[in-house]
Amino acid sequence: MGVGGVRTAESPKQATFLSDLKGEFSSYSAASFSKDLLAGLTVTAVALPLALAFGVSSGLDAASGLITAILAGLIIGALGGASFQISGPTGAMAAILVSLVVRHGTEGVFIAGFLSGLILLAAAFLKVGALVSYIPSPVVTGFTSGIAVIIALGQIDNFFGTTSSGEGALAKLLSYTSHGFPIDLATLGYGLFVVLLMILWPKKWNARFPASLLGIIITLVVQMLVDLPVKEVGMIPRSLMGENRLHIFALPISELSQYISPAISIAALGMVESLLCGSSAGKMKGEKLNATRELYAQGIGNVIIPFFGGIPATAAIARTSVAIKSGQQTRLTGIIHAIGLLASMFLLSPYMSRIPLASLAGVLMVTAWRMNEWHSIRQIFSKKIKTSMAQFLITMVATVVFDLTIAILIGLIFSMVMFIIRSHHISIEVDPVTAELGSYDATTKVVYVDGSLFFGSQEQLTKTVESLLSEGVGRIIFSLRGVATIDHSSINEFVEIVQMCRKQSVDVLFCGVQPSVQSLMKRLDFYSLVGEDKFFSSAVTALESLR
């Protein structure tokens with residue numbers, strides 16, 4: 001109600017969101033809240049080590065990862081396109097931020113993150129979320145594996161205690177040839193312990209107490225007792241306002257153009273990860289994601305988060321699936337997980353600052369391995385699907401060598417090229433009708449065409465006709481029942497075929513023309529050129545007309 005009892009108008013989007021929210025909580029009870037509370041605390045236990053690790057691996061610090069997880073849980077979780085999405089920092093996002101930090105520093109991450117939020121809002125307004133469904137699954141699998149490789153390569157220094165230099169993952173890897181690879185045994189010991197614990201910890205126990213969190217706790221206690229000379233997380237302030245953060249009045253307006261490309265990469269990754277996560281988790285929950293609303297939520301969250309010192313956020317499939325499996329009921333689970341992380345920041349920050357970086361590196365090494373969609377990869381290679389294998393490998397390599405946006409574009413372009421090549425093949429069979437119907441002229445041939453006729457496949461028709469003409473054919477009947485689509489170029493090809501045949505006094509008939517093909521042929525006056533009497537419903541009808 002407005003001032004003075006006057007009802008204020010609600011926008012359709014606001015009304016839809018509120019009505020969906022009302023439906024989500026329509027039968028909410030104390031029992032439902034207890035399930036949300038338990039699921040939220042479970043996700044907190046999973047998210048805490050990941051938030052710290054992704055903050056460090058992005059090139060910033062653990063505090064930035066923690067701030068991101070808290071704000072994403074509160075803002076994106078509350079406004080998201082489904083009840084189940086859990087958003088925060090992710091390994092994929094951290095992987096593309098490392099090179100951005102090298103080029104533009106911490107401020108560059110905040111500026112690009114802010115711009116990516118605006119891009120996501122524009123994408124939501126334009127309703128482009130559906131475009132994600134057009135990305136072939138081998139391409140998605142490929143860039144997921146590529147990002148996993150980047151994450152693993154980016155953790156070599158923290159895991160082994162070595163030192164590298166360079167902007168990208170490959171450059172850092174190559175730098176070991178000049179820097180050497182001296183391994184620090186204490187650092188390696190922490191990392192290996194966490195890796196082995198996460199691998200060997202039983203799954204049924206992991207559901208109750210995540211191995212990643214247990215590994216962090218054990219190595220933290222050991223480090224506090226023994227105080228080995230290894231790199232630690234460092235100070236985590238008890239504040240949601242990071243020491244380094246974006247200031248609205250300090251935005252370099254004249255230099256924003258240099259951040260557009262990384263911002264597009266961040267936004268593209270945010271959109272792909274969030275919508276794919278929503279699609280996958282939606283099947284687990286039995287609830288459909290509202291893609292447009294989810295993009296609005298991601299956009300709003302990523303516009304706000306940089307002003308607190310956080311890195312770009314997106315939906316996280318690992319945390320989302322944990323929430324659903326833990327009995328998540330409503331979006332309160334995401335909010336409770338954020339409050340749990342906030343409490344951890346204020347209560348545990350002095351202890352978290354002593355966590356060895358090698359422990360977080362161990363968590364990320366295992367996370368990178370598990371990021372790979374192994375079921376899909378096995379299916380692609382075991383079934384020897386050559387096109388899918390090429391899509392996967394090309395996208396994975398492009399992700400490691402270039403950035404995400406270029407990798408996806410390369411994967412899509414390759415997919416389209418392969419589609420054109422496959423579509424280039426059409427089936428053409430020539431049947432001498434006299435074998436069964438001796439009353440017809442022995443030189444009458446029926447040409448059965450099956451497949452899509454377009455600029456890439458039309459030439460096969462001409463070669464077939466030229467071969468028939470050289471054999472002295474007297475009449476050709478084209479059966480096009482198997483042709484569902486045709487383009488302008490192919491119709492022009494048919495015009496040339498008809499004219500070529502007429503020059504040699506060879507009659508040309510058509511049968512079985514599909515409605516969509518017939519429509520374009522008539523629009524291009526092909527029927528009037530050939531003659532309406534040359535088109536029949538079937539080859540049999542066409543042959544009977546010759547009696």
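Strand S6 (residues 507–511) has 4 of its 5 residues buried, so the rest of the structure largely encloses this strand. Buried means under 20% relative accessible area, exposed means over 50%, and partly exposed lies in between (1.4 Å probe, protein chains only). Strands (E, at least two residues) and helices (H or I, at least four) are DSSP runs, numbered from the N terminus.

This is a predicted model: local features need pLDDT of at least 70, side-chain atom pairs count only at pLDDT 80 or more, and totals for chains, interfaces and linings use all residues. Residues are numbered from 1 along each chain as its sequence is written, and side-chain values use heavy atoms, with hydrogens and water left out.

**Strand S6 and its partners**

- S6 pairs with strand S5 (residues 475–482) in the parallel sense, over 5 bridges. Two strands pair if DSSP finds at least two bridges between them.
- Ile-476 stands opposite Val-508 in S6. Ile-477 stands opposite Leu-509 in S6.
- From S5, the chain passes through helix H20 (residues 488–503) to reach S6, in a right-handed β-α-β crossover. Right-handed means that, with the strands pointing away from the viewer, the path from the first strand over the helix to the second runs clockwise.
- S6 also pairs with strand S7 (residues 535–536), in the parallel sense over 2 bridges. Here Phe-510 stands opposite Phe-535 in S7.

**The whole sheet**

- The open sheet has 5 strands in the order S3-S4-S5-S6-S7, and its pairing is mixed.
- S3 (427–432) and S7 are the edge strands, each with a single partner, so one side of each has no neighbour in the sheet.
- Strands of a sheet pair through backbone hydrogen bonds, either parallel or antiparallel.

**A nonpolar surface patch**

- Phe-193, Phe-209, Ile-217, Ile-218, Val-221, Val-222, Leu-225 and Val-226 make a nonpolar surface patch of about 650 Å².
- Patch residues have over 30% relative accessible area and no salt bridge; nonpolar side chains (Val, Leu, Ile, Met, Phe, Trp, Tyr) are joined within 5 Å, like charges within 9 Å.
- A salt bridge is a side-chain nitrogen of Lys or Arg within 4 Å of a carboxyl oxygen of Asp or Glu.
- Helix H10 (residues 211–226) gives the largest share of the patch, 6 residues.
- Phe-209 sits in the loop between helix H9 (203–206) and H10. Phe-209 counts as partly exposed, at 34% relative accessibility.

**A buried arginine**

- Arg-293 lies in helix H12 (residues 291–304). Arg-293 counts as buried, at 13% relative accessibility.
- Not counting residues up to four places away in sequence, Arg-293 touches Thr-16, Phe-17, Asp-20, Leu-79, Gly-80 and Gly-81. Contact means heavy atoms within 4.5 Å.

How values were computed. Areas by Shrake-Rupley, 256 points an atom, 1.4 Å probe, with all protein chains shown as cover.
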